[in-house]
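I'll walk you through one model today, going residue by residue and then on to the pockets and the core.

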Amino acid sequence: NLTVQNTSTLSGATNIAGITNISNATASSATSNGALIVSGGTGIGGNLNVGGNTSISGNTTINGTTTLSSISYGTTPTTNDNSTKIATTAYVMSTLASPANGFAWSTTGNANMTDGSKFFGTTDAQPLNFQVGGLASGRFDVSTTIGQATLGYGAGANTVRNAANAYGVKNTGFGYQAIYNTNYGKENTAIGYQALLNNYYGSGATAIGYQAMSNANSISSLFTTYNTAVGYQALMGSVTPASNSGVNNTGLGYKALNVNSTGSDNTGVGTNALKANTTGTSNTATGSSALVGNTSGSYNIASGYYTLVSNTTGTGNIAIGYNALSSNASGNYNTVLGYDANVTGNVSNASAIGNGATTSTANTMQLGNTSVTKVNTSGALVSTNATAASSTSTGGLIISGGAGIAGALYVGGNYDIT
């Protein structure tokens, strides 16, 4: 071992095999002072441990692996300096915020944006994808073959986007879980919370509104529905999506065609129009609560508020006017025209025309209500009924009151004047 108590100068090469202790505690502030001053270079074959600060004024080359536990301070390179200098956090922040780099997308908001030249997105022919909580929640395609445009938590998350077979392509969905389960279905449009949520194979549907068509079509085969639903839970479907196979339906309004399952070719326009319909087909309901209670009745036409409101299984009825044919539940082939006109008793093949016109007899026609005093026509009244008359209450023409005849009267058969 070598111990040096006082200042010692070594001008030549010195080899020290043992431990060298320098007890001088003079601090170093330059290359010319301190407890150990070496005018030339220093070669150290082993580890070097420095307990104090280290200042290096020249270049430093490190050939081996270097681990820096921390760098508290450093010289910050100029913004956008693309040399091999070590970057400080200040450099990183300033360079990311530089307009020359298109800015960083800040979680606290961006400034200095220029409409038309600054944007969030891609610059190549690749889709832009979003995820929320690890779940696909948005996609904008460049490909016209795939053509998906979706945005919202889980929107379009399960589409297969198989361009070769046209599976799961050209779907549009905006809203929480819009077309979430659509897999092979294509060319659907869903806008709203859980719109077309359970659709799997169905194609060609349009659903706009909260849970519009949300239970539709989890059927395990490809098919085109051509269903259109616009409104809160319009054409929502039964609670069993696999049972909802109806096609060519249009529901427009709050809960229009709300629980339809296998019914097809129906049109419901208005709040609760055809709300309870499940299997009925080819019905047309226009107006708030028109055909609201219909379940399996088919080929009905209802136009006006509360028209055919009680109908459940009746078929082939036509009602036009406020509250028209409101009593009918199961009668068939009735025709009613007018405010509050009605056919009661669930009879069939009856007609009532005019304000408040009402009949309860099958195979009859009522013209007007009891306040009507005259029915005018400029044409001939012709009846093909050949029933013979044997009293004032029988025959092809029965008149309870008198008959005023201004012209000649011709009777081809017998007549009886009592």
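Let's start with S28, which sits in the loop between β2 (20-22) and α1 (89-96). Quick reminder before I go on: this is a predicted model.

So, is S28 buried or exposed? It's exposed, because its relative accessible area is 54%, and the cut-off for exposed is over 50%. What does S28 touch, if we leave aside its neighbours within four places in sequence? That would be N33 and G34. Its side chain also makes some polar contacts with backbone: the side chain of S28 reaches the backbone oxygen of A30 at 3.1 Å, and a polar atom of that side chain lies 3.2 Å from the backbone oxygen of N33.

Next, two asparagines with backbone angles worth a look. Most residues other than glycine have a negative phi. N248, though, has a positive phi of about 60°, and N346 has a positive one too, near 55°. Where do they sit? N248 is in the loop between β11 (228-230) and β12 (250-252), while N346 is in the loop between β18 (342-343) and β19 (351-353). N248 is partly exposed, at 34% relative accessible area, and N346 is partly exposed as well, at 36%.

The largest pocket holds about 1900 Å³ of space. It is lined by 30 residues, and the closest to its centre are G396, L397, I398, I399 and A403. By class, that lining has 14 nonpolar, 15 polar and one charged residues.

The second largest pocket is lined by 27 residues, with L48, V50, T54, S55 and I56 closest to its centre. Its volume is about 1600 Å³. And what lines this second largest pocket, by class? Eight nonpolar residues, 19 polar and no charged ones.

Last stop, the inside. The largest nonpolar core has 32 residues, and the members that touch the most others are L196, M213, V336 and V343. Let me zoom in on M213. Again leaving aside neighbours within four places in sequence, M213 has contacts including L196, L197, A205, N227 and M236.

That's my tour, so over to you for questions.

Conventions:
Residues numbered from 1 in each chain as written. Predicted model: local features only at pLDDT ≥ 70, side-chain atom pairs only at ≥ 80, totals over all residues. Heavy atoms only, no water. Helix = DSSP H or I, 4+ residues; strand = E, 2+ residues; numbered from the N terminus. Buried < 20%, exposed > 50% of the residue type's maximum accessible area, 1.4 Å probe, protein only. 1 Å grid on protein atoms, 1.4 Å probe; cavity = no way out; pocket = protein on both sides within 12 Å on 5 of 7 lines; lining within 4 Å. Points joined across faces, edges and corners; volume = space filled by probe spheres on them. Nonpolar A, V, L, I, M, F, W, Y, C, P; charged D, E, K, R; others polar. Core = buried A, V, L, I, M, F, W, Y, C linked by side-chain atoms within 4.5 Å. Contact = heavy atoms within 4.5 Å. Polar contact = N/O pair within 3.5 Å; in protein donor to acceptor, adjacent residues only side chain to side chain.
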